[in-house]
Amino acid sequence: MIEIQRASFIDAMKKALPGVESSNGKVLLQGADTFAFSDGFVHTYNDNISVSSKLPEEVKDLKGAVKAVDFFNLINKFTEDTIQIVEKEQKWIVKSGLAKVEFPLLEPSILEYVKKLIPENYTPVDLQTDFFNCIKLCLFSSNHSSLSGLYITPKNIVSTDEMRVNYIFCDTKFLEPVWISDTAIGQLIEFSNIKKFYISDKWVHFFTDDGTIFSCKKLNSSNYPYKEIMKIVKEHEKTENDI
C-alpha cells in the first residue's frame, strides 16, 4: 500500500494533463488517453504534446497506467488530505476515508514513445529570461489560420493570422528556426518555472526546475513563409504607436 498526500499528487497529474488526448472519445493513438506512472514520473503522450511530470517522493515507486481524466477527476473529488493505493490483480484499489474505488490497470503503451523522445546524451540550454514574455506578446488568441503558431528563430519570434503580423526581437538561444503550434504554446505558458530547453530532431523539450519535462512536436518549418513575412515587416512604415 502507498499512502499519498492528495494535494501534491493532484498537482503532479495536473501538469501532465496537456499530453492527454482529448478527442471526444475517439483516441487516435493507443494509450494517448492514459497516465503512465513509471520511474518517479507520470507520463502522457499524444503525438503532439508529451509531459513527464515529476511525482512526489512518496509516489516515486508507483507503476501502472490508468485512464487519465477519470483517475484525475476521482482523486480531485476526494476531500481527505491523504489517499491510499493498493495494487491487486491488475487493478488499483484507491481509498480515501470511507470511499473505495477500483481502477483497472492498462498497458502503458505510451512509454515506448516517451523513451524515444530525447536522446540519451543531451545538454539542455538555459532559456532566455524574457522568452515567456516574448511568446505571450506574439501569441494570437483564436488563430484559425493555417499559419497559426509561433515561428521562433535565434533572434526573433513571428506569428501571423494572415491578416496581422506579430514580430518581436528576442535572443531566444535557439540554434535553428522552430515552428510550434498555438495549442502547444498555450499549454506551455501555463508553466511558471521552466528554466531550460533542448531541441531534438522532431521535438522541442522544456525543463522545469523541479524535473518536469514538457515536450512539443515541431511543425514543418519549411512550410512557414518567414521570408515573405519579414519582407512585409521591413516595408512597413513604423509609427510612434507601433509595438
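**View 1. Residue I49 sits in strand β4, which covers residues 49-54.** Strands here are DSSP runs of E with at least two residues, helices are runs of H or I with at least four, and both are numbered from the N terminus. This is a predicted model, in which local features need pLDDT of at least 70, side-chain atom pairs count only at pLDDT 80 or more, and totals for chains, interfaces and linings use all residues. Residues are numbered from 1 along each chain as its sequence is written, and side-chain values use heavy atoms, with hydrogens and water left out. Is I49 buried or exposed? Its relative accessible area is 4%, so I49 is buried; the cut-offs are under 20% for buried, over 50% for exposed and partly exposed in between, with a 1.4 Å probe and protein chains only.

**View 2. Here are the surroundings of I49.** Contact means heavy atoms within 4.5 Å. Once neighbours within four places in sequence are set aside, I49 touches P18, G19, T44, T183, A184, Q187, W203, F214 and S215. For a sense of scale, look across to E162: it is 113 residues from I49 along the chain, and their C-alpha atoms are 25 Å apart.

**View 3. An open sheet brings together eight strands with antiparallel pairing.** Follow the strands in the order β5-β2-β3-β4-β16-β15-β14-β9. Two strands pair if DSSP finds at least two bridges between them. Which strands form the edges? They are β5 (64-67) and β9 (125-126), each pairing on one side only. Inside this order, β14 (residues 194-199) and β15 (residues 203-208) run antiparallel and are joined by five bridges.

**View 4. Aromatic rings meet at F9 and F71, one of 20 aromatic pairs found in the whole structure.** Rings of Phe, Tyr and Trp (its six-membered ring) pair if their centres lie within 6.5 Å; planes under 30 degrees apart count as stacked, over 60 as edge-to-face and the rest as tilted. The centres of the F9 and F71 rings are 6.1 Å apart and their planes are at 85°, so this pair is edge-to-face. The pair links distant parts of the chain, with F9 in helix α1 (residues 6-16) and F71 in helix α2 (residues 68-77), 62 residues apart. F9 is buried at 0% relative accessibility, and F71 is also buried at 0%.

**View 5. F71 also pairs with W92.** How are these two rings arranged? Their centres are 5.8 Å apart and their planes at 55°, so the pair is tilted. Because F71 lies in helix α2 and W92 in strand β7 (residues 91-96), the pair ties together parts that are 21 residues apart in sequence. W92 has 1% relative accessibility and counts as buried.

**View 6. The protein chain as a whole has six helices and 16 strands.** Its C-alpha trace spans about 70 × 35 × 30 Å along the principal axes. Of its 243 residues, 48% count as buried. Among contacts with a separation of 6 or more, 61% come from residues 24 or more positions apart.
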